[in-house]
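Open the model in your viewer and keep the selection tool ready. Each stop below says what to select and what is there.

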Amino acid sequence: MATLHIFYDSNKDIAWTSFGACSAELIAEQKSSNNLDYLAYETDQLLEISHNYVNGAGNGIVAYSTFSPTYSATSVDLDTVINITGLSSGTEVFLDGVSAGTMSDSTLTLTAVQAGEFSIELKKSHFVTHNTTITVKRRGE
Amino acid sequence: MNINLVKTNATYATKRADYYPPGNEQLDLLYHAIDAGEFGNDAKTSSFYTELKAVKDKYPKS
């Protein structure tokens, strides 16, 4: 086991880590300059920064949650309404890379008004980003 | 929350194109409108109508 030096922000997101030497001066400098807190974490493996965060007590690591959405369909005809269940409020939905809004409850529907392929991306703090492609068929396809 | 699946560069023309029937279906609709007399009897003398009718008569619905 080795000590992994973790610096994290006020949202408990990990900013950077190092197995190298870490002085008290560096810890103080990171706090004063970047408002990053410090955690000494005993581990024998590297940490995926984008898939873990520091727990509320500031003394451990928590893995990101994963989305488990259920789509009523992912290949549909025009005018079909797709229901997505299994999501929670606070989930930000991106359509083709552009934010389409943040869910205020657990209800999300997609209405197929144009043919083509559409990228749906789900993002939420401390969740692994989830991607799905929706195919909308034009009339007669 | 509902999101309409539409491309950012969509125009009225691209939206219409997705909803139109395929070309052969559009022509068939036109043929049947002529056949029903919706364009008058003169329309039944057009080559559009007579040529399609000739094919339909040659291969009637079984």
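Start with T132(A), which lies in strand 15 of chain A. Strands here, like helices, are DSSP runs numbered from the N terminus (strands: E, at least two residues; helices: H or I, at least four). T132(A) has a relative accessible area of 13%, so it counts as buried. The classes are buried under 20%, exposed over 50% and partly exposed in between, with a 1.4 Å probe and protein chains only.

Now show its neighbours. Leaving out residues up to four places away in sequence, T132(A) touches Y71(A), T74(A), F118(A), S119(A) and I120(A). Contact means heavy atoms within 4.5 Å. Draw a distance from the side chain of T132(A) to that of Y71(A): they make a polar contact at 3.4 Å. A polar contact is a pair of N or O atoms within 3.5 Å; within protein, one must be able to donate a hydrogen and the other to accept it, and residues adjacent in sequence count only if both atoms are side-chain atoms.

A word on conventions. This is a predicted model, in which local features need pLDDT of at least 70 and side-chain atom pairs count only at pLDDT 80 or more, while totals for chains, interfaces and linings use all residues. Residues are numbered from 1 along each chain as its sequence is written, chains are lettered from A and ligands numbered from 1 in the order in which they are written, and side-chain values use heavy atoms, with hydrogens and water left out.

Next, select strands 10 and 11 of chain A. They pair in the antiparallel sense over four bridges; pairing requires that DSSP finds at least two bridges between two strands.

Stop at D96(A), in the loop between strand 10 and strand 11 of chain A. Its phi is positive, about 50 degrees, although D96(A) is not a glycine. With a relative accessible area of 34%, D96(A) is partly exposed. Which residue of chain B forms a salt bridge with D96(A)? Select K7(B): the closest N and O atoms are 3.0 Å apart. A salt bridge is a side-chain nitrogen of Lys or Arg within 4 Å of a carboxyl oxygen of Asp or Glu. The count between chain A and chain B is one.

For another positive phi, go to D79(A), at about 75 degrees and also not a glycine. D79(A) sits in the loop between strand 8 (75–77) and strand 9 (81–85) of chain A.

Now colour the whole interface. On chain A, 28 residues are in contact with 15 residues of chain B. The two chains bury about 1,900 Å² between them, 54% of it on carbon and sulfur atoms. Buried area is the accessible area (1.4 Å probe) that two parts lose on being put together, summed over both. Pick out V113(A), Q114(A) and R139(A): they supply 31% of the area that chain A buries against chain B, more than any other three residues.

Finish on strand 12 of chain A. Four bridges join it to strand 1 (residues 2–5) of chain B, and the two run parallel. The bridge partner of T109(A) is N2(B). Zoom out to the open sheet of four strands, 7(A)-9(A)-12(A)-1(B), with mixed pairing. At the edges are strand 7 (70–71) of chain A and strand 1 of chain B, each pairing on one side only.
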